[in-house]
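Visitor: I've got a structure to go through and would like a guided chat about it. Could you take my questions one at a time?

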Amino acid sequence: MGIMDMIQSLAGQTGAAAGTDQAKVAGGFIEALTQHPEGIQGVLDAFKNNGMAEHVGAWGTGQAATATPEQVQQGLGGTGLIEKTAEKAGVSPQVVQVALAAVLPMVIQHFAPNGQAAPTSSMGSMAQSLLSKFV
């Protein structure tokens, strides 16, 4: 499966929920992530630094399909991504945590397979492709 196929698959999975908070949060998270200085690598590092390396590994290989809102808060706490995503999506941080419980494992699996971040240069174009599915 090529990278564009994976992005289209991811967009289709989240796009099925178009008009819902999950779709808004997915778009807001990708947008916040592309503006985050460390991008997807910052997310991976935050989870690892917060004692959740095993979760990142499971998501990166597709072994775990979901997270819990508490895991999202623990892993992303202090990065500002929850708050920025809430702002961009027009929802509360609590809604972001619930939606990211489903979205984040997909994002990590596709943008950081096997727990390794995609190169920053390709991250932007992949994110733009994904975001275009929501308009």
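Visitor: Which helix does Thr85 lie in?
Guide: Bear in mind as we go that this is a predicted model. From the N terminus on, the elements run α-α-α-α-α-α-α-α, and the chain has eight helices and zero strands. Thr85 belongs to helix α6.

Visitor: Is Thr85 buried or exposed?
Guide: Leaving aside neighbours within four places in sequence, Thr85 is in contact with Val25, Gly28, Phe29, Ala32 and Val96. The cut-off for buried is under 20% relative accessible area. Thr85 comes in at 0%, so Thr85 counts as buried.

Visitor: How is the aromatic pair of Phe47 and Trp59 arranged?
Guide: A search of the whole structure turns up one aromatic pair. Its rings are 5.3 Å apart, centre to centre, with 85° between the planes. The cut-off for this class is over 60 degrees, and the Phe47 and Trp59 arrangement is edge-to-face.

Visitor: How many residues apart in sequence are the parts that this pair ties together?
Guide: Both Phe47 and Trp59 are buried. Phe47 lies in helix α3 and Trp59 in helix α4, so the pair links parts whose separation in sequence is twelve residues.

Visitor: Which helices do the buried residues of α4 pack against?
Guide: The buried residues in α4 are Val56, Ala58, Trp59 and Gly60. On the α3 side of the story, Gly39, Ile40, Gly42, Val43, Leu44, Ala46 and Phe47 are buried. The packing partners of the buried α4 residues are α3, α5 and α7.

Visitor: Which residue with a positive phi follows α4?
Guide: α3 is followed by Gly51, whose phi is positive, near 80°. After α4 there is again a residue with a positive phi, near 80°, and it is Gly62.

Visitor: Which side chain is joined to that of Gln71 by a polar contact?
Guide: Gln71 is in helix α5 and, at 16% relative accessibility, counts as buried. Setting aside neighbours within four places in sequence, Gln71 is in contact with Phe47, Met52, His55 and Trp59. The polar contact, at 3.4 Å, is with His55.

Visitor: How far apart in space are Gly90 and Gly28, C-alpha to C-alpha?
Guide: Gly90 is found in the loop between α6 and α7, and Gly90 is exposed, with a relative accessible area of 63%. Gly90 and Gly28 are 62 residues apart in sequence, while the C-alpha to C-alpha distance is 8.6 Å.

Visitor: Which residue forms a salt bridge with Glu31?
Guide: The count comes to two salt bridges. One joins Lys24 and Asp21 at 3.5 Å, N to O; these two are three residues apart in helix α2, about one helical turn. In the Glu31 bridge, the closest N and O atoms are 3.8 Å apart, and the partner is Lys88.

Visitor: How many residues apart in sequence are the parts tied together by Glu31 and Lys88?
Guide: Glu31 is partly exposed at 31% relative accessible area, and Lys88 is partly exposed at 32%. Glu31 lies in helix α2 and Lys88 in helix α6, so the parts they tie together have a sequence separation of 57 residues.

Visitor: What percentage of the chain's residues count as buried?
Guide: The chain exposes about 6,200 Å², with carbon and sulfur atoms supplying 51% of it. Of the 135 residues, the buried share is 45%.

Notes. Residues numbered from 1 in each chain as written. Predicted model: local features only at pLDDT ≥ 70, side-chain atom pairs only at ≥ 80, totals over all residues. Heavy atoms only, no water. Phe/Tyr/Trp six-rings, centres within 6.5 Å; stacked < 30°, edge-to-face > 60°. Helix = DSSP H or I, 4+ residues; strand = E, 2+ residues; numbered from the N terminus. Buried < 20%, exposed > 50% of the residue type's maximum accessible area, 1.4 Å probe, protein only. Areas by Shrake-Rupley, 256 points an atom, 1.4 Å probe, with all protein chains shown as cover. Contact = heavy atoms within 4.5 Å. Polar contact = N/O pair within 3.5 Å; in protein donor to acceptor, adjacent residues only side chain to side chain. Salt bridge = Lys/Arg side-chain N within 4 Å of Asp/Glu carboxyl O.
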